[in-house]
Amino acid sequence: MFNLQNYSTKNIKNDILSGALVAVALVPEAIAFSFIAGVSPVVGLYGAFIIGLITSILGGKPGMISGATGSVAVVFVSLGISVAHMYPDLDKEALSMMVLHYILLTSIIAGIIQIVIGLLKMGKFIRLVPQPALFGFVNGLAIVIALAQLKFLEPQHIEQYHSFWEIIKASFSENYVMYIIIAITMATMHFLPKITKAVPAGLVSIIVITLVVYFFGIDTKLVGDLADLSNVSLPSFTPPLSELFSWESMKIILPTAIIVALVGLIESLLTLSVLDEMGGERGSGNRECVALGIGNATSGLFGGMAGCAMIGQSVINFTSGGLGRLSSFTASILLITLVVSFSNVIASIPVAVLVGIMFMVSIGTFEFSSLRRIKYMQKSDAFVLIVVTIITIFFDLAVAVIAGIIISALVFAWRHAKIYARVEYDEQNRKIYKLEGPLFFGSVTSFYEQFDVENDPNEVIIDFKNARVMDSSGAEAIDAITEKYKKAGKKLTLRHLSKDCKKVLKIAGPFCTYEEDDPTYKVAVNV
């Protein structure tokens, strides 16, 4: 919560100014992300306001900016396609309204899932996402955002063209003005920050190009042509349609809600980690999960789409001096003020400007450094990066990250699925197997291969000083090898096992010796 008693005058000033800068920058992105999701720009703007306001007060990291994002918006694209298949007889306007209600209910359910995850304190599991999977996630997201813009450049009657080059040629012929505006927007956003960073380059592009298009009467597609923004008011309570609670609808909504929840949490917790590294103070991942869930559920109830933390805007806010909750609070309040008071101006913005901005967002999101690193990575890490990128593009972000975690875990298990033994003999001619490496489900086979029960002497010692029993499979393997020596009529002694491990052992327990330097590690018995 706010603690103004601990705020200095300088902190308040910096937070307000930084929040104002972020609020202006949020407007074009919220509109662009709405178009990606296939809904009115108002839906994204409402979502940015509500989610940003709630997370600014309840979130786990002061100054972190949340709102409508591309990573969540692209998930809603497939939802819209599924809804269109369910209601083939609806006209365009009715279908658009139906898609909106599906998105709103999905946002509510996703928010509830996120609240549960936060209350169960599962936010810490973001640490399990390996770096190659993060690179693949970010790169795939960047490509998806760029591809989502292509629908605004499609030629009319696209179905009459039979090849890719025919579509490209027709697109240039019909939309050459849009291509020019896109190029100018991208050039402005690239070069202007090198001259001055006093004003966001995206805002300059919007203002200048909108004025030029308006006063010179240039014929190009405007935001108002895609959605009616007249008489935009404050968000109002929008209950879900009762027909959406049918089993057929839920088969579409629930899987999408789970994906939205996971994607939102992954991006929010990654953003929190980035800000932690920049500021040196650790935020609360679980608190952020709960706050984001409340924000998304509330957004869905008041006509807004789900979202999550915005890494770009959060970094902008942080580096501009917005270190407290007042900065993100200011950004959300000013955002809704702009939307309500200047909706007609927003309707006059050329769509091509927003497309250009999103192309630059895509370029800025892509981790080009990963392309340079990939040749120095281990083959398994490079494989994870490429696979996660491909899955992100062709499926969805949550599946991609989960797949990356699973693949990385399997690779890790494979790398460590070996346990070795150095053989020595003591003065009593007892054979000593000095084990090295982890003993778990993946290394059980190599563990058995170390022993020669038939040809070993009558007294054998297995020393676990440089080995560690990781799970119940390892404990069972110890029991099994003990049983083999017992049946062979040979004496087996086990050294340097932890007390916890000895408790797990059933057969080998009586053969364990207690050494002064016995380890104290525990064994995972439910793996």
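User: Which backbone atom lies 3.1 Å from a polar atom of the side chain of Ser-446?

Analyst: This is a predicted model. Ser-446 sits in helix α18, residues 444-449. Its contacts beyond four places in sequence are Ala-417, Lys-418 and Ile-419. The atom asked for is the backbone nitrogen of Ile-419.

User: Is Ser-446 buried or exposed?

Analyst: Buried means a relative accessible area under 20%. Ser-446 has a value of 5%, so the residue counts as buried.

User: Which residue has its backbone oxygen 2.8 Å from a polar atom of the side chain of Thr-271?

Analyst: Thr-271 belongs to helix α9, residues 247-279. Thr-271 is buried, with a relative accessible area of 1%. The backbone oxygen in question belongs to Glu-267.

User: Which residues does Thr-271 touch, leaving out those up to four places away in sequence?

Analyst: Heavy atoms within 4.5 Å make a contact. With that cut-off, Thr-271 touches Met-64, Ala-309, Met-310, Ile-311 and Ser-314.

User: How far does helix α16 reach from its first C-alpha to its last?

Analyst: Helix α16 covers residues 379-394, which is 16 residues. At 1.5 Å a residue, 22 Å is expected. The helix comes close to that, with a reach of 23 Å.

User: Where in the protein is confidence highest?

Analyst: The mean pLDDT of the protein is 82, and 89% of its residues reach 70 or more. Confidence is lowest in helix α20, residues 499-504, at a mean of 70. It is highest, at 94, in residues 285-301, helix α10.

How values were computed. Residues numbered from 1 in each chain as written. Predicted model: local features only at pLDDT ≥ 70, side-chain atom pairs only at ≥ 80, totals over all residues. Heavy atoms only, no water. pLDDT = per-residue confidence, 0-100. Helix = DSSP H or I, 4+ residues; strand = E, 2+ residues; numbered from the N terminus. Buried < 20%, exposed > 50% of the residue type's maximum accessible area, 1.4 Å probe, protein only. Polar contact = N/O pair within 3.5 Å; in protein donor to acceptor, adjacent residues only side chain to side chain. Expected span 1.5 Å × (residues − 1).
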